[in-house]
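Q: Could you take me through one part of this model closely, namely a sheet and what packs on it?

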Amino acid sequence: MKVTAKAYTNIALIKYWGKRDETLNLPMNSSLSLTLDQFYTMTTVDFSEAYEADSFVLDGQTMTDEKLLPVRKFLNILRKEADSRLFGHVISENHVPISAGFASSASAYAALAAAGAKAIGLDYSMQELSRLARQGSGSASRSIYGGFVVWQKGERSDGLDSYSYPICQEQNQWPICFLAVEVSREIKTISSRVGMKRTVETSPFYLPWVNQVTEQMNQALAAIESRDFQQLGEVMEANALGMHGTMLGANPPFSYWNTGTIETMKRVTSLRQEGLIGYFTIDAGPNVKVLCQVADAQKMMNELQQLKEVQQVTLCQIGPGITYL
Ligand code: PMV
C-alpha cells in the first residue's frame, strides 16, 4: 500500500539537549514544544516485493550512500516491528530550510514514521507513532501532534515510556505565534547529534542546565495553563540561553550563533524595553525564533526585518499534527 503523510516542524520552548541512549534517542530531559503551521515535510512510502533495495528520493533527487543510510536504518526499524522483509521506496518533499536550525528532522521523521508504519501494515496509535518517530530523531516524537506538546523523557532503558503527548487542546486556541527569523542559509557544521554528545561528555555546565529543566518545565506548563505570556517567554528564553551556554563549556567549545543571531536577540530585548513584547529561542543553528502575541506580530516583523543581518521573517502560528493524504 502506498501511503502519504504530512508533518509540521515544532519549536521547543523547553529544549531537548543530551541523550542517555544514542541508538534509541532517549533524552536526558523532558521537553516542551509548539508545532508550527508553516514548515512541513510530505512523505510517501510503499513496500513491495518488486523492489530489490530501499530507495529514497528527496525533493526530486535520488539519494545514495550517507544520505540514504538514515532512511534505510529507519526502514529497518519498521521491518523489524512488522516482521517484514520487503524493501521500501520513500519520496519526500521538504518545505523546511534544512540544517539551519529549523529542525527539518522533526517533520521528516514524523512524516516518515506515519507513512511508513501504515504502508508496512502496522496499525499504530499516536503514542506508538511518537515512540517510533523518536527513533529517527528525538524532536520528531513531538511533531506527531499539533499545538503544545510534551515529550516525557521516560525512565526505561528500552524507551517504551519515552514518547510525546499533546497538552489540553484548548490551549492551542491561545493567540500566540513564532516569528522564524532567518539570518543564515548555510548548512551547519555541527549536527545536533554531535553537539549534544560533546556537551554531555565534556561540558561542566551541562549538569547544572539539565538539573533545572524539571523546574523550568513546571513553570512553562503552569504559564501555558494560565496563559501567562510573560512567564512562558521568560522561562523559554532562560532555558535556551542556558542550553547554548553549555556549548561554550564543551571541549572543544562551539556555538551555533552568528552576528545575526546576536543582533536579533539584542533587538528583541531592546524592543521589550520599548514595550513591544517578544521572547527569543534558538536551536542547533543560527536562526532565531521569536515568541510573540499574534496582535503584535506584524509590528515585531517590521522591526526585525530592519536588521541588516535578517534575510527573512516568517510568521508561524500554531500548527496541526500529522495528517494522511
Ligand atoms: O531532534 P534532533 O536530534 O534534531 O535535536 C533537536 C535539538 C534542538 O532542536 C536543539 C532542541 C529541541 O528540543 O528541538
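A: Y279 stands opposite L291 in β12, a strand covering residues 288-293 that is joined to β11 by five bridges, the two running antiparallel. Strands here are DSSP runs of E with at least two residues, helices are runs of H or I with at least four, and both are numbered from the N terminus; two strands pair if DSSP finds at least two bridges between them. This is a predicted model, in which local features need pLDDT of at least 70, side-chain atom pairs count only at pLDDT 80 or more, and totals for chains, interfaces and linings use all residues. Residues are numbered from 1 along each chain as its sequence is written, and side-chain values use heavy atoms, with hydrogens and water left out.

The strands β11 and β12 belong to an open sheet of four strands, ordered β11-β12-β10-β13 and paired antiparallel. Its edges are β11 (278-282) and β13 (312-316), each of which pairs on one side only, and neighbouring strands are turned by 25° against each other on average, direction ignored; axes are lines fitted to C-alpha atoms, for helices over the stretch in contact, and angles run from 0 to 180 degrees between N-to-C directions.

Helix α7 (residues 229-248) lies across β10 (176-182), β11 and β12, and runs at about 30° to β11. Helix α9 (residues 297-305) also packs on the sheet, where it touches β10, β11, β12 and β13 and its direction makes about 15° with that of β10; contact means heavy atoms within 4.5 Å.
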